[in-house]
Amino acid sequence: MAKICAFFGHRDIPDNLELSLREQIEHVITHYGITEFWDGCYGDFDHLAAQIVTSLKSQYPHIRLVQVHAYPPSGSTLRRGFDRAFLPDILTNIRDNTCIPRRNIWMAYHCDIIISYVNHAESKIHEPLDRMHGRIPIFNLGIYQPLSRFQRQLPFQG
């Protein structure tokens with residue numbers, strides 16, 4: 001059974017992130033036995049992560065790169081470097097602006113490790129980190145500190 005690492009990160013990333021991301025990806029392969037990497041293919045962080053995993057396939061031929069769709073694909077083309085793609089069942093009948101955050105939460109609950117680049121909570125990309133904080137290893141290359149479920153503001157339930 002595959003051990004899965006999911007990527008989550010901001011659209012825009014600094015130019016100097018490649019080396020630390022490469023080191024972190026190799027670390028989870030060699031120390032955690034990760035064999036499959038899930039990528040949402042949205043933004044600079046996802047694109048860089050996919051490039052690095054693709055380049056590491058010659059050194060680690062057992063690893064796989066998987067595109068996890070947020071919307072039903074319009075065609076059957078697989079992006080270069082990817083081994084397969086799929087749409088989570090929970091998204092098959094949804095066509096609104098919640099697809100990406102829902103896909104990200106789904107990925108977080110179905111992976112073994114997270115590698116991320118999250119600096120702030122201004123977008124919803126921090127939510128997978130907050131939900132999985134303390135449950136699975138999270139390697140965030142940004143400065144955001146995930147909140148535990150006790151630190152998150154929950155709606156009043158009276």
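Which residue in S2 is the bridge partner of Ile4? Select Ile4 and then Glu36, for Glu36 is its bridge partner in S2. This is a predicted model, in which local features need pLDDT of at least 70 and side-chain atom pairs count only at pLDDT 80 or more, while totals for chains, interfaces and linings use all residues. Residues are numbered from 1 along each chain as its sequence is written, and side-chain values use heavy atoms, with hydrogens and water left out.

Now show strand S1 (residues 4-9) with S2, two parallel strands joined by three bridges; strands are DSSP runs of E with at least two residues, helices are runs of H or I with at least four, both numbered from the N terminus, and two strands pair if DSSP finds at least two bridges between them.

Next select strand S3 (residues 64-68), which pairs with S2 in the parallel sense over four bridges, with Glu36 opposite Arg64. From S2 the chain crosses through helix H2 (residues 44-56) to S3, again in a right-handed β-α-β crossover.

Stay on S2 (residues 36-39) and show its side chains: Glu36 and Trp38 on one side, and Phe37 and Asp39 on the other, are all buried, that is, under 20% relative accessible area with a 1.4 Å probe and protein chains only.

Terms used: Buried < 20%, exposed > 50% of the residue type's maximum accessible area, 1.4 Å probe, protein only. Right-handed = clockwise from strand over helix to strand, strands pointing away.
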